[in-house]
Amino acid sequence: MKSEQTQNNNVDWMSQLMKHFSLTNLSSQIPTSMPAQDFMKTGNINAMSNLGEMLKKFGAEIEPQTMLELQTSYMKEMATLWQDSLSAKAPDIKDKRFASADWHTQSMHAYNAAVYLLNARYLNQLAQAVKAPEKKQHQIQFAVQQMIDAMSPANFFATNPEAQAEMIATKGESLQNGITQF
């Protein structure tokens, strides 16, 4: 019975976290009247302010200064990545899931992988910054890592150049086998 309650709490936490980070939630809370430079200086990401309230429900918290530092660092790295993509500078991708040359030679896939890795790093830093009892801390880090791994562009046909190349090479047979196994 106790493990069922724990599982229900974990599912509840995960669903609230996923709802919190949904694109509509984030985009609807970014102030449109604030110039971008002021937005970065203030760290005023309203969608993240609710994260602190949500964490308190689960006996956890993130210090506001730490949150601001993580947000600022993330925004700077994203801006750099965006500028690099506009100037056709290939991102440096050192993750084994993206080892194939296809991930590095096709700019859209290289940028997609780089953005994924930046987001993964940010989410992991957020999870590590959470102040909570040790067991809760491990649960949070585990749940976040599971979400990160599940969302890898290598896991989806539409964003995986290796799977696409394999489909072309096998004249669709690899796709048919994948669908059959699914």
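How many helices and strands does the secondary structure of the chain come to? The count is ten helices and zero strands, where helices (H or I, at least four residues) and strands (E, at least two) are DSSP runs numbered from the N terminus.

The legends below refer to a predicted model, in which local features need pLDDT of at least 70, side-chain atom pairs count only at pLDDT 80 or more, and totals for chains, interfaces and linings use all residues. Residues are numbered from 1 along each chain as its sequence is written, and side-chain values use heavy atoms, with hydrogens and water left out.

**Figure 1. Overview of the chain.** Along the sequence the pattern reads α-α-α-α-α-α-α-α-α-α. Of the 182 residues, 29% count as buried; buried means under 20% relative accessible area, exposed over 50%, and partly exposed in between (1.4 Å probe, protein chains only). The accessible surface is about 12000 Å², and 58% of this belongs to carbon and sulfur atoms. Accessible areas come from the Shrake-Rupley method with a 1.4 Å probe, and for residues only the protein chains shown count as cover. Among contacts (heavy atoms within 4.5 Å) between residues at least 6 apart in sequence, 62% join residues at least 24 apart.

**Figure 2. The aromatic cluster of Phe98, Trp103 and Tyr116.** Rings of Phe, Tyr and Trp (its six-membered ring) pair if their centres lie within 6.5 Å; planes under 30 degrees apart count as stacked, over 60 as edge-to-face and the rest as tilted. By this rule there are four aromatic pairs. One of them joins Phe98 and Trp103 edge-to-face, at 4.7 Å centre to centre and 70 degrees between the planes. Another edge-to-face pair is that of Phe98 and Tyr116, with 6.0 Å between centres and 75 degrees between planes. Phe98 lies in the loop between helix H5 (64-86) and helix H6 (101-105), and Tyr116 in helix H7 (residues 107-129), so this pair ties together parts that are 18 residues apart in sequence. Phe98 and Trp103 are buried, and Tyr116 is buried as well.

**Figure 3. Packing of H5 against H7.** Axes are lines fitted to C-alpha atoms, for helices over the stretch in contact, and angles run from 0 to 180 degrees between N-to-C directions. On the H5 side the contact includes Met67, Leu70, Tyr74, Met78 and Trp82, which meet H7 residues including Val115, Leu118, Tyr122 and Leu126. By class, the contact has 13 nonpolar, five polar and two charged residues. Here Ala, Val, Leu, Ile, Met, Phe, Trp, Tyr, Cys and Pro count as nonpolar, Asp, Glu, Lys and Arg as charged, and the others, Gly among them, as polar.

Figure 4. The axes of H7 and helix H8 (residues 134-150) come within 9 Å and cross at roughly 170 degrees. That makes H7 roughly antiparallel to H8. Residues of H7 in this contact include Tyr116, Ala120, Leu123 and Ala127, and those of H8 include Gln137, Ile140, Val144 and Ile148. Seven nonpolar, five polar and one charged residues make up the contact. Gln137, in helix H8, is buried at a relative accessible area of 12%. Leaving aside residues up to four places away in sequence, Gln137 touches Ala127, Gln128, Val130, Lys131 and Ala132.

**Figure 5. Surroundings of Asn155.** Asn155 is in the loop between H8 and helix H9 (161-169). Its relative accessibility of 47% makes Asn155 partly exposed. Not counting residues up to four places away in sequence, Asn155 touches Asp149 and Ala150. The C-alpha atoms of Asn155 and Arg97 are separated by 9.4 Å, although the two residues are 58 apart along the chain.

Figure 6. Most residues other than glycine have a negative phi. Ala88 is exposed, with a relative accessible area of 69%.

Definitions and conventions:
Angles under 35 degrees count as roughly parallel, over 145 as roughly antiparallel, 65 to 115 as roughly perpendicular and the rest as oblique.
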